[in-house]
Amino acid sequence: MDFITSTAILPLLFGCLGVFGLFQLLQWVRGKAYLRNAVVVITGATSGLGKECAKVFYAAGAKLVLCGRNGGALEELIRELTASHATKVQTHKPYLVTFDLTDTGAIVAAAAEILQCFGYVDILVNNAGISYRGTIMDTIVDVDKRVMETNYFGPVALTKALLPSMIKRRQGHIVAISSIQGKISIPFRSAYAASKHATQAFFDCLRAEMEQYEIEVTVISPGYIHTNLSVNAITADGSRYGVMDTTTAQGRSPVEVAHDVLAAVGKKKKDVILADLLPSLAIYLRTLAPGLFFSLMASRARKERKSKNS
Ligand SMILES: NC(=O)C1=CN([C@@H]2O[C@H](COP(=O)(O)OP(=O)(O)OC[C@H]3O[C@@H](n4cnc5c(N)ncnc54)[C@H](OP(=O)(O)O)[C@@H]3O)[C@@H](O)[C@H]2O)C=CC1
Ligand SMILES: CCCCCCCCCCCCCCCC(=O)OCC(=O)COP(=O)(O)O
């Protein structure tokens with residue numbers, strides 16, 4: 001048996017590892033080439049994950065169009081990017097386009113401005129978003145609408161406005177930054193989880209419909225990230241939550257997540273979960289044992305209500 005192991009199984013094992021390593025290397029090289037000189041549009045580039053994505057895509061040699069509501073913050077980011085020389089590849093001065101995703105009319109004009117920057121768009125990263133905290137019974141419908149407009153209708157409108165030019169070129173890639181809450185709903189996040197579930201559904205449909213034009217669609221579902229998402233979240237009456245939640249503060253570094261986003265886009269992944277074991281398991285539990293998952297969520301709601309009331 002020992003003889004067989006050393007003469008047949010071990011060389012086979014090393015051979016397989018070698019082929020796997022070579023495949024990984026090839027994917028990495030192809031990813032790098034795919035992103036170099038690609039025209040990449042990033043929404044919500046003023047802070048958090050969007051800002052870090054801007055840095056990693058810039059360093060990868062992408063031609064960036066940075067979007068957000070705050071022109072000053074975008075100008076500052078462009079100054080920061082162009083001042084750094086920490087990359088070996090050729091970099092390109094980014095453009096900026098300011099608009100509010102809740103303003104559907106402004107999105108059409110913004111898309112035209114985006115297309116004028118480099119003449120076309122290769123990759124659109126729909127990253128901008130807001131979160132929410134509140135009970136369904138206390139929350140005014142205007143808040144549900146605002147979250148849906150920012151996280152769902154805005155990205156949908158921008159995607160639709162940019163798709164015709166991608167279809168004409170038979171080339172393009174749409175990325176949606178969703179959330180673990182696009183796969184499972186947790187209590188007191190109704191509007192946010194609904195907007196992210198809608199995002200997942202829309203972009204899954206888009207992937208199937210765009211296959212004929214060779215347009216890629218990547219949906220990325222991160223777990224908690226240490227950004228200002230909870231601070232900027234809106235509450236039941238529409239006011240700002242203004243609190244850095246412990247879950248957010250203990251979340252992954254946005255720099256790390258941005259590198260994972262870059263890798264997923266480079267590899268043209270279709271659906272990516274960027275989270276720890278527990279949230280990932282929760283997704284399987286929701287599918288395989290929904291009754292148990294719903295009981296766990298009800299108990300979570302009871303506990304959270306109790307701790308608020310005490
Ligand atoms: N942080 C986390 O734990 C997680 C975040 N995500 C997702 O990551 C994405 C980025 O969020 P994150 O970086 O964490 O949070 P931040 O609050 O730091 O960033 C949100 C970005 O979205 C922009 N934005 C918000 N509302 C609008 C609007 N109406 N029009 C245009 N831009 C707008 C903000 O711009 P402005 O500066 O103008 O407010 C900001 O640039 C979101 O889609 C979020 O759902 C997913 C999972 C976990
Ligand atoms: C087989 C055993 C399975 C055990 C499963 C136990 C269930 C545990 C529940 C875990 C819930 C995880 C929720 C994760 C939520 C999350 O990561 O959200 C990311 C965000 O978008 C954060 O936004 P927020 O505004 O809510 O901070």
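C67 is buried at 1% relative accessibility, and C117 is buried at 13%. Buried means under 20% relative accessible area, with a 1.4 Å probe and protein chains only.

A word on the basis of these values. This is a predicted model, in which local features need pLDDT of at least 70 and side-chain atom pairs count only at pLDDT 80 or more, while totals for chains, interfaces and linings use all residues. Residues are numbered from 1 along each chain as its sequence is written, chains are lettered from A and ligands numbered from 1 in the order written, and side-chain values use heavy atoms, without hydrogens and water.

I turn now to ligand 1. Of the 28 residues around ligand 1, those that come nearest are T46, R69, N127, Y192 and T227; a residue belongs to this group if one of its heavy atoms lies within 4 Å of the ligand. A nitrogen atom of ligand 1 is 2.8 Å from an N or O atom in the side chain of D100. An oxygen atom of ligand 1 lies 2.7 Å from a polar backbone atom of N127. Taken alone, ligand 1 exposes 890 Å², of which the protein buries 93%, with areas from the Shrake-Rupley method and a 1.4 Å probe.

Finally, T150 is also buried, with a relative accessible area of 11%. The backbone oxygen of R146 is 2.8 Å from a polar atom of the T150 side chain.

Conventions: Buried means under 20% relative accessible area, exposed over 50%, partly exposed in between (1.4 Å probe, protein chains only). A polar contact is a pair of N or O atoms within 3.5 Å; within protein, one must be able to donate a hydrogen and the other to accept it, and residues adjacent in sequence count only if both atoms are side-chain atoms.
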